[in-house]
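Here is a short briefing on one structure. Keep the sequence and the 3D view open as you read.

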Amino acid sequence: MTARAEETTMRRSPSGGRRGVAAATLAAALAALALPDITTAGTYDLTIDKVTVERGGSKQTVLGYNGSSPGPTLRFREGEEVTINVTNRLSVPSSIHWHGLILPTGMDGVPGLSYEGIAPGGTFTYRFPIVQSGTYWFHSHSGQQEQDGAYGSIVIEPAGREPFRYDRDYVVLLSDDHDHDGASILANLKQMPDYYNRQQRTLGDFFADVSAEGLSATLADRTDWGEMRMMPTDIADVQDYRYLINGLEPEQNWTGLFEPGERVRLRFINASAMTYFDLRIPGLEMTVVQADGNNVQPVTVDELRIAVSETYDVIVRPTEAQAYTIFAETMARDGYARGTLAPSPGMSAEVPALREPPLLTMADMGMAHGDMGHGDMGHGDMATGDMDSGAMDTGAMSGGESTMAAEPAEAEAMDHAAMGHGTMEAEASREGSMDHAAMGHGSMDHSDMAAGDSFYAPGSGLTPRAADGGRFLSYADLKAQKPLYAERPAGREIEIRLTGNMERYIWSINGIKYEDAEPIVLQYGERVRFKFVNETMMTHPMHLHGMWSILDTGSGKWDPIKHVVSVAPGTTVYTETEVDAPGRWAFHCHLLYHMASGMFREVRVEGAPQQAAAEAGR
Amino acid sequence: MMKNHLLRGVGAALLATPLLFAGQPVLAAGSHSGGHGHGEAIGGPGEAAQADRTVEIAMHDNYYEPERLSVAGGETVRFLVRNEGSLVHEFNIGTATMHAAHQEEMMMMVEHGVLEADRINHERMKMDMGGGRTMEHDDPNSVLLEPGESAEIVWRFPQSADLEFACNVPGHYEAGMVGSLEVGQ
């Protein structure tokens, strides 16, 4: 059976527009006249509701907005002044955070930082200017409501022409839906961190490994994992999810229509609480044109990984009058979300089989990578010695040999001399000046190079590979279409070690959980460099509210800006932020239960000029 | 393999110098299947003095202005092409198949550092790829321009053809930087 999601959309009401213009002062009206695009103002009304949906063949009560989950697509226009009245019809407090939107701190929707939240029966009116364009989303920032369905999409039309074109436009919102509500899942994880791990290694695996690798290697391997209080199958904390596209299960098959030859824009949003997806559309290449709402220089790939809370906009051009499957396989390979692009409703294409679940390796444990952190490489400060003691020297990885053996390609891929790359002088390689831009990672689309994705630890079990041997998007491929900020050196570096104790299900930053931590204080006008060091074996999508994260991919002025940066196990990733938004901001891992367990900080921006501070306070 | 075609230098270089492309053989194979041998099918370079008219083309990030053109069969047109964007762009007259083949060549240019986002490395373009072949981009049906640059193409169209003008910088065509070029009626 095929079903098309009833897409609910909210556009600004004409009355709201008139009211907005009428309310404008003379000065504002004159200013508006000077702009090529007359400033608009829209009023939107949202209710936070309990919603009944059919999932897994039975009726379920979830959370949603205006009677649906996902909530409606909010359609704004760059330059618009929006007024959004949000009424909480739940019996518990709630909130809405506008994920990725640049707005005054009081409008950010984080209870305890931006405001007090929205009490049961209460209404909060958000008012802020729309200063950007692209694909974003919104969700509750209260408790675990996001897990229970409290999310929706935001589409912002740009003031000017976009650097790409398309004939059709679909939001493809991915989410993970569970029989347990979010609060119960958190309680279960706290009690038993492997409560939801269905891929645990068994006694049978142990004997299989002994026969393949010998008893001592197997014992050493198991001892290392035990000391980390982790398991090689710890890709995802929570399983048994149903994976949805626009609220529909795989069998319900959300379908987007096209005419052959048309360009179709797909706005992928990962609204999951905990799930990363590897996305592909067999038979179609995807040209990525936006990441986290920001235009990137178009890059054509066969597959991409979308971290929790990221968005990617792609353009596909199906030329045949046939159905194509949108296949979003979880990173842990425990399931998939599925939809279809087709010339008419009711069509479907083959649904691929799930690939084998990845196994974490010693590299993901941080034991094999030495100083091979990506950012180090990008800055030419990597000494030869570091390379030798790190991934380049397999002898140093005695504990890791059993797992490394399964990944022989990695060792080759890290052999830069063998890359045969015209622009990379062997001389430079020896001296350790590894300039990523010159290495051209962004354009190395060949399957044997995919293993070299610099945003994964060399030898990592999580390194993505395209299903068809094609090109898999790397962060290194993302280049700003039109850089928002001029390049300048950061004034200081702040280290953010991502830490945790899986056995007690405590997640933290620099070993301290949120409740016990002081805010990170930034000064308005400075540029700071964040050094993320992932000391855990989980992948963490780090989300800074209120200000952009300029991701250091080694592309210099083309480094992309994002609102979420995924940090893989055993890696170091650098971002920079132009501190241009005064106030109190949330900064956290966007895996819902990691955030709730303490991987969270307040970022406090001080020293703003009065004008900016006044705007932030409204 | 057809020898008499555009971008012969790049195409032949790919086949002639496998060692520079270790681990990347896929691009060399098949990149020219059907892409050439067009001969008269797309027309050929014309004399400016013979041009019936001049058409100005502005290249932005990542689209053309105008986005569609019509020419009369047999007409000679002088194109004044200016890159008003902040990235490198191409104006290339050809069939969809030729563009697809040229996109693979342009990907090579990116991978060899010949083509950067906003500049063309002319030194590297002259690099000897073996047998005297280079990655120079000097074919009469195409101009590749840095931001702010202008160039002229005079093109004599055939009586009829199925043509597009396109930018084959990686990703740009797919993002929609391609225009229809109607020849004849």
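In chain A, four strands make an open sheet with mixed pairing, in the order E3-E2-E5-E7. Its edge strands, E3 (58–65) and E7 (123–129), each pair on one side only. From one strand to the next, the twist averages 25 degrees.

This is a predicted model: local features need pLDDT of at least 70, side-chain atom pairs count only at pLDDT 80 or more, and totals for chains, interfaces and linings use all residues. Residues are numbered from 1 along each chain as its sequence is written, while chains are lettered from A and ligands numbered from 1 in the order in which they are written.

**Terms**

- Helices (H or I, at least four residues) and strands (E, at least two) are DSSP runs, numbered from the N terminus.
- Two strands pair if DSSP finds at least two bridges between them.
- A residue is buried if 20 or more other C-beta atoms lie within 10 Å of its own, exposed if 12 or fewer, and partly exposed in between; C-beta atoms are placed from the backbone.

**Strand pairs in chain A**

- E2 (residues 41–55) and E5 (residues 81–88) run parallel, joined by eight bridges. Thr43(A) has Thr83(A) in E5(A) as its bridge partner.
- E1 (residues 9–10) and E4 (residues 73–77) also run parallel, with two bridges. Here Met10(A) is partnered by Leu74(A) in E4(A).
- Four bridges link E4(A) to E9 (residues 151–157), again in parallel. Phe76(A) stands opposite Ile156(A) in E9(A).

**Helix H2 of chain B**

- H2(B) covers residues 96–111, 16 residues in total. Its first and last C-alpha are 23 Å apart, close to the 22 Å expected at 1.5 Å a residue. The expected span is 1.5 Å times one less than the number of residues.
- Twelve of the 16 residues are buried, so H2(B) is mostly covered. Among them are Met98(B), His99(B) and Glu111(B).
- Gly113(B) follows H2(B) and has a positive phi, near 70 degrees.

**Cis peptide bonds in chain B**

- The bond from Asp61(B) to Asn62(B) is cis, with omega near -15 degrees. Asn62(B) lies in the loop between E2 (53–60) and E3 (63–65).
- The bond from Glu65(B) to Pro66(B) is cis too, with omega near 0 degrees. Pro66(B) is in the loop between E3 and E4 (68–71) of chain B.

**Positive phi without glycine in chain A**

- Asp292(A) is not a glycine, yet its phi is about 50 degrees. Asp292(A) counts as buried because it has 27 C-beta neighbours inside 10 Å.
- Arg333(A) is not a glycine either, and its phi is about 60 degrees. Arg333(A) counts as partly exposed because it has 16 C-beta neighbours inside 10 Å.

Terms used:
Axes are lines fitted to C-alpha atoms, for helices over the stretch in contact, and angles run from 0 to 180 degrees between N-to-C directions.
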